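Visitor: I have not looked at this model before. Please take me through how its parts get their names and labels.

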Amino acid sequence: MTRLERRYRLLLRTLPRGYRQEREEEMVATFLAYRDEHRPGEDGWPAWPEVYSTAGLALRTRLIEAGTPRSQALGHVARLIALLGLVTQSALAIGGLQRGLVTALTSSQSLSWSWQALLVGPGRSLVIVASVALLIMGRCRWAKFSALAAALPGLVPLTGCAIGQSTLLSCGVSANPTAAGSVIINNLPLWITIGCLYLGFRREAPLPKPGQWLLTLFAAAQVLYLFDLFTVARPIWELVSIPGWALSAAATAYFALVAARKVEYSTAWAVALAVSAAATLPAQYASWHHVLQWPTMLASSLSRTLVDTQIAVTTLAVLALAALAACTFRRTPSARIHNS
Amino acid sequence: MSSRGLSEQAFLVLTVLVEHPQHGYAVLRMVDELSDGRVQLRVGTLYGVLDRLANDGLVELDREEVHQGRLRRYYRATDKGVRVLGAETHRLAANVNAATAVLGARGVQPKALGGLA
């Protein structure tokens, strides 16, 4: 075996084991035949384009494509996380838009506005709603672009731009907006959503069922809007992480439906719900830490109970889903289905 | 198959395999020739395209051979692959005809861009 062949085999170790077992000999032969014709006699390293294309294949076979039952499940997980994240973010955005519209129509005072506030508030909400709508319509490329655009205002505090506290609140940056840590933990769910959107919805990926996801979006938006109205007169409830509760409720509903045999258990759903709920935990822990630092007079027992309960419920849901998913995922075969 | 049509790479690979069963390296070379060097597939990309076509039932394994001590796997287009290539060619031809008519109305003949200068 030549040094070049050894290096090609090393490069192919980035591929999943089952895929490599089936394809390694054939791919090495193709690599070497190409090299023999284009750069004969050279015993160096694989060319960069070969490294990129193999890395792309490794990513696709591990995460996206229907090469193995396990990679099928991972691709499905990525798509579900993206959809759950976009639906949750869009439902929050629609609720915020509804609330803003009602305030604007009913307020007797003249409203002050700035282009920055419009861009980061309603502008961002519209963009995130557009993203989920485009995805449901099958316009994946535009949906990705739109989701990425919606994430940009969340990075504004990192750039040091001076934007009001109320504006930052509307883009999910709550406590201490100037701290990079706060920006990261509050935007983590959206960034994970965007990452999964790019990984899961590649050209060959199946599209979501429009009716099912539109109905979910509409129902979630209305529930969150009602919750939003409820919290207006009770500021203490603003400590609650709405996405955290929403995803914990979705996880509980999922367990109940599976237990009642109304829906079939799916490892992909369990993993997607666990990851989505786990993504909200850093912000919940930050909120908990924030309440702990309040003076005793301010930190009422209700506020502490609320924060403690939401963290406990979300953590339990994540652990239960993760344990269930880990047990069932191991049983998913990793061998690749043969082409013919 | 996805309802979004074939990518250019998949279209060319399928075209090569409809003609004759071929092994990986031959497909790389023939795609290069068919596209006049515009599309130069890399090995990783080729196997990604072959996987997608196989998953869609458009290509399948034909046979295996050992050539100079190295494994060669030959792939061929399935009947469905031939039908899909026909439909895709028809769709692209319709687009080309429409574009040619529009350009013709403006007195422009379709030709490859020779550079921006």
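Guide: In this predicted model, A:Glu26, A:Thr30, A:Ala33 and A:Tyr34 of α2(A) meet B:Gly24, B:Tyr25 and B:Leu28 of α2(B). Residues are numbered from 1 along each chain as its sequence is written, and chains are lettered from A, with ligands numbered from 1, in the order in which they are written. Local features need pLDDT of at least 70 and side-chain atom pairs count only at pLDDT 80 or more, while totals for chains, interfaces and linings use all residues.

Visitor: What makes two residues "meet" in α2(A) and α2(B)?

Guide: Two residues are in contact if their C-beta atoms, placed from the backbone, lie within 7 Å. By class, the contact of α2(A) with α2(B) has four nonpolar, two polar and one charged residues. Ala, Val, Leu, Ile, Met, Phe, Trp, Tyr, Cys and Pro count as nonpolar, Asp, Glu, Lys and Arg as charged, and the others, Gly among them, as polar.

Visitor: Why are α2(A) and α2(B) called oblique to each other?

Guide: Helix α2 (residues 17-38) of chain A and α2(B) pack at an angle of about 45°, with their axes 8 Å apart. Angles under 35 degrees count as roughly parallel, over 145 as roughly antiparallel, 65 to 115 as roughly perpendicular and the rest as oblique. α2(A) and α2(B) are therefore oblique. The axes are lines fitted to C-alpha atoms, for helices over the stretch in contact, and angles run from 0 to 180 degrees between N-to-C directions.

Visitor: Which elements of chain B touch chain A?

Guide: The contact takes 22 residues from chain B and 24 residues from chain A. On the chain B side, α2 (24-34), α3 (43-55), β2 (59-67) and β3 (70-77) each supply at least two residues. α3(B) gives the most, with nine residues.

Visitor: How do you know what counts as a helix or a strand?

Guide: Helices (H or I, at least four residues) and strands (E, at least two) are DSSP runs, numbered from the N terminus. Chain B has four helices and three strands, in the order α-β-α-α-β-β-α.

Visitor: Why are α1(B) and α4(B) also called oblique?

Guide: The axes of helix α1 (residues 8-19) and helix α4 (residues 79-105) of chain B come within 10 Å and cross at roughly 125°. By the ranges already given, α1(B) and α4(B) are therefore oblique to each other. The contact is made by B:Phe11, B:Leu14, B:Thr15 and B:Val18 of α1(B) and B:Gly81, B:Val82, B:Leu85 and B:Glu88 of α4(B).

Visitor: What makes β1 and β2 of chain B edge strands?

Guide: The three strands form an open sheet in the order β1-β3-β2 (chain B), with antiparallel pairing. β1 (22-23) and β2 each have a single partner strand, so one side of each is left without a neighbour in the sheet. Two strands pair if DSSP finds at least two bridges between them, and β1(B) and β3(B) have two bridges. B:Gln22 has B:Tyr75 in β3(B) as its bridge partner.

Visitor: Is B:Asp36 buried or exposed?

Guide: A residue is buried if 20 or more other C-beta atoms lie within 10 Å of its own, exposed if 12 or fewer, and partly exposed in between, with C-beta atoms placed from the backbone. B:Asp36 has 8 other C-beta atoms within 10 Å, so B:Asp36 is exposed. B:Asp36 is in the loop between α2 and α3 of chain B.
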